[in-house]
2 protein chains.
Amino acid sequence: MPLDERDIIERFFRPLAGEGAFGLLDDAGRLDVSPDFDLVVTTDMIACKVHFLPRDPPFSVAQKALRVNVSDLAAKGAEPLAYVISFGISSEIEEGWLADFVRGLKADHARFGLRLLGGDTVRVPDGPIISVTAHGLAPKGRMVHRSGGRPGDLLYVSGLIGAGAVGLALLKGEAGPWDALPHARRDALIAHYHVPQPRVELAPLLVAYASAAMDISDGLIGDCDKLAAASGCSADIEVEHVPLAEGLGATDDPALLARLITGGDDYEILAAVPPEKAPGFESAAEEAGVPMSRIGVLKAESAAPRVTWRGSDLNLVARAYTHKPQEGTA
Amino acid sequence: MPLDERDIIERFFRPLAGEGAFGLLDDAGRLDVSPDFDLVVTTDMIACKVHFLPRDPPFSVAQKALRVNVSDLAAKGAEPLAYVISFGISSEIEEGWLADFVRGLKADHARFGLRLLGGDTVRVPDGPIISVTAHGLAPKGRMVHRSGGRPGDLLYVSGLIGAGAVGLALLKGEAGPWDALPHARRDALIAHYHVPQPRVELAPLLVAYASAAMDISDGLIGDCDKLAAASGCSADIEVEHVPLAEGLGATDDPALLARLITGGDDYEILAAVPPEKAPGFESAAEEAGVPMSRIGVLKAESAAPRVTWRGSDLNLVARAYTHKPQEGTA
C-alpha cells in the first residue's frame, strides 16, 4: 500500500521540525527576526531527470535540494536559518528512499545550522520534485547584491570550476577526456555533481569586502554576464586564471575548456571586489581556508564583454547552461 | 522554439516583482519584519492533474496557487505580505498560458496586498507544478494555532461546505444529484473549485476571539479531527448545522452528505472559540460580513469523536480527502 501524505509527514518529516515549526502540526511556521538583521529569502526547485537522476542516492538528493538554496544565501552574505520544503512524490516512492532522503536533510541541519519550519507533501504524476524556500539572516542593510559591482572591481571565484558539468557527463556515460582520469578522481567529480559544497564560510567576507556577489549554478561565463549586467558593467574574463576541476586543469582543448566554464552545478561564489579591498579580501579568504582565484575585472557597460584564453578570444557556442530534462535517464 | 527560463522570468514575472525582490535580478529577496509582528510562513504545492486540471484556466490556476497559501495565513491570524514561487513547467508550455497565469497572480496581488519576492522557473517532465511559499504578519505573540482549543470551546465554520468537492465532480463529468442543479449554480460550484475564496477578513477576528483555527482543505470532518487532536481534544459535529453548498443543503441522502463534509477544496475557516467569547465573535463576524455557523463543540480527548445527523451517528467511509492524480484528466 502506498504511504499516505500524513504518514510521510508524521514518520519522516516531523522528527526534523525545529523551533517555530510547531511539530509540523500546524498550517504555518513562525520566524522570529531580530531587528539587527534582514531576512533573506530564496527558493529553488529541483526535479528528477532535470537536476538529479532517478538513481541518485536520496541522501544526496536531499542535500542538493537544501544546498542549492544555502549557496544562494551564502552569496548574499546571509547565515542559514530555517527552510520550508514542498515535496512532490509519485506513488511508487518507497519508504527506504524517504528515510534516506530525510537522513540527508538531517545531516545538513547540523552542518549548516538549518531547521525545518514547515512543508507540504503532495502526489505528482512524475516525481520526485522538491521545492525548498530557505531563509537566512544578513546584518541589517548589508545584504550583498548582484548589482553593486563597479567598473574596475576585480572578479574572484571560489574553488574549482567545471566539476559539476563533468560529474554529470560521467553519470550519463558520455565519452570524453574525463574517461582517462583515475577512478577516484572520477568519483570525486560525480560527488561534486551530487552534493554541492556551498561556501557558507564566505558569507561574512562578502558582507565585509564584496561590492557584488552571486553563486554560480548555470555556468561561470553566463553567471559573470548576469552579475556584470545587474551591475551595469561588462566583464573581462581571463580563462587561464580560472581554476578548473582537478585533473582537467592542464587541458589545451578549447572545446573542453568551453564546456567547463559554461557547464552547470558548480555552486561556487563569484564576487566583485573593489581593488582597494582586494588585499584584505584575499587574506581573509586565505584565513577562512577558502581558495579564491582572481579571474577578471568589471569594465564599463559600453565595453564588449571578453572571454580570453592566453590572449585570444575563446569561442563559446553557449555562455550559460540550461538545466533541462536529460535524455536516457529514465 | 520553447521559451527559455530567462525569457519567462524577464517577460512574465519581472513586472510582478515587489519591494525587496530587486527586480528578480538577484539570487534572493529581502523581507523587513517590524519587531511588533511575527513572521508567519506557509508553503503549498499544487500539481496539474492533482490539484487542478489540464484545461483549467491558467488565470485561476495562478489564483489557486496563491490562495491556498493565503487561506493558511488567514487561519493563523496573519495578514498576507509577500511570496516566492517555484514554477515547474514542461516544454509544451505556451506564451498565452503564461501570460494568463501571470495576470491571475497580478489580480491577486491587488486583492490580497501580496507582492512577489522571488522565484525559480525550471523544466519538469510533467507540469505545471507550482510551489508557493507565502509570508504574512501576525501581531507579535498572537499567531493562532491549531493546538489552542480546550474542551467546551465551540466549533465554527465559515461559508458553505462541499462546493469544492462538487465542483470537481462536475468538472470530471461524474454523474450525481448535482446534475439536477440549474446551469448557473453548477458553474458557481466549478468556480469555487477553481478559485478558493480565502477568508482574509477573518484573520483579526481569529486573533481576538479564537483559541484555535485552521483552514479546511482536506474535508471538514478530517480537518475537525486534526484541530481536535492538535488541541488534545475530540470533536462533536452536528451535521445538520453544517452549512452545505448552495442547492445541496436540503439533501436527505447520507452518502451525498458524507461526500460534502469529507470532500476537499473548501478553503473555509474552522475556528474553536471559548463559550464566553462566542457572542463577541459572532457579532464581529456578522459585522465583517462573514457567515459563520456553529457546528459543534470540543470535548475531552477521552470522549470518542462523534459526527451526528439529526441525532444519529453518520456513517463515514473516509473522514478526510486525499488529493491524488485524477483519472481521465489528461
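Mentor: Gladly, and let us begin with pairing: two strands pair if DSSP finds at least two bridges between them. Strands (E, at least two residues) and helices (H or I, at least four residues) are DSSP runs, numbered from the N terminus. The model is predicted: local features need pLDDT of at least 70, side-chain atom pairs count only at pLDDT 80 or more, and totals for chains, interfaces and linings use all residues. Residues are numbered from 1 along each chain as its sequence is written, while chains are lettered from A and ligands numbered from 1 in the order in which they are written.

Trainee: How do you know that β3(B) and strand β4 of chain B pair, and in which sense?

Mentor: DSSP gives 8 bridges between β3(B) and β4(B) (residues 115-123), and at least two are needed, so they pair, here in the parallel sense. Within β4(B), B:Val122 is the bridge partner of B:Gly88.

Trainee: What pairs with β3(B) in the antiparallel sense?

Mentor: That is strand β5 (residues 129-139) of chain B, over 9 bridges. In β5(B), B:Ser131 stands opposite B:Ser86.

Trainee: Why is β3(B) called largely enclosed?

Mentor: A residue is buried if 20 or more other C-beta atoms, placed from the backbone, lie within 10 Å of its own, exposed if 12 or fewer, and partly exposed in between. In β3(B) (residues 79-89), 10 of the 11 residues are buried, so the strand is largely enclosed by the rest of the structure.

Trainee: And what makes α7 of chain A mostly covered?

Mentor: Of the 11 residues of α7(A) (residues 220-230), 8 are buried. Among them are A:Leu220, A:Cys224 and A:Leu227. Just after α7(A) comes A:Gly232, with a positive phi of about 65 degrees.

Trainee: Why does A:Lys49 count as buried?

Mentor: A:Lys49 has 20 C-beta neighbours inside 10 Å, and the cut-off is 20 or more, so it counts as buried. A:Lys49 sits in the loop between β2 and α2 of chain A, and although it is not a glycine, its phi is positive, about 75 degrees.

Trainee: How many C-beta neighbours does B:Asp265 have?

Mentor: B:Asp265 has 24 inside 10 Å, so it counts as buried. B:Asp265 is not a glycine either, and takes a positive phi of about 65 degrees. Its loop joins α8 (254-262) and β9 (268-273) of chain B.

Trainee: Which strands make up the open sheet, and in what order?

Mentor: The order is β1(A)-β2(B)-β5(B)-β3(B)-β4(B), 5 strands with mixed pairing. What makes β1 of chain A and β4 of chain B the edge strands is that each pairs on one side only. On average, neighbouring strands are turned by 20 degrees against each other, direction ignored; axes here are lines fitted to C-alpha atoms, for helices over the stretch in contact, with angles running from 0 to 180 degrees between N-to-C directions.

Trainee: How do you know that β1(A) is joined to strand β2 of chain B?

Mentor: There are 3 bridges between β1(A) and β2(B) (residues 37-47), and the rule asks for at least two, so they pair; they run antiparallel. A:Leu31 stands opposite B:Leu39 in β2(B). There is also β2(A), which pairs with strand β1 (residues 29-31) of chain B in the antiparallel sense over 3 bridges.

Trainee: How many residues does each chain bring to the contact?

Mentor: Chain A and chain B bring 53 residues each, where contact means C-beta atoms, placed from the backbone, within 7 Å. On the side of chain A that touches chain B, β2(A) gives the most, with 9 residues.

Trainee: Lastly, which peptide bond of chain A is cis?

Mentor: The bond from A:Gly127 to A:Pro128 is cis, with omega near -10 degrees, and A:Pro128 is in the loop between β4 and β5 of chain A. In chain B, the bond from B:Gly127 to B:Pro128 is cis too, with omega near -10 degrees.

Technical notes. Two residues are in contact if their C-beta atoms, placed from the backbone, lie within 7 Å.
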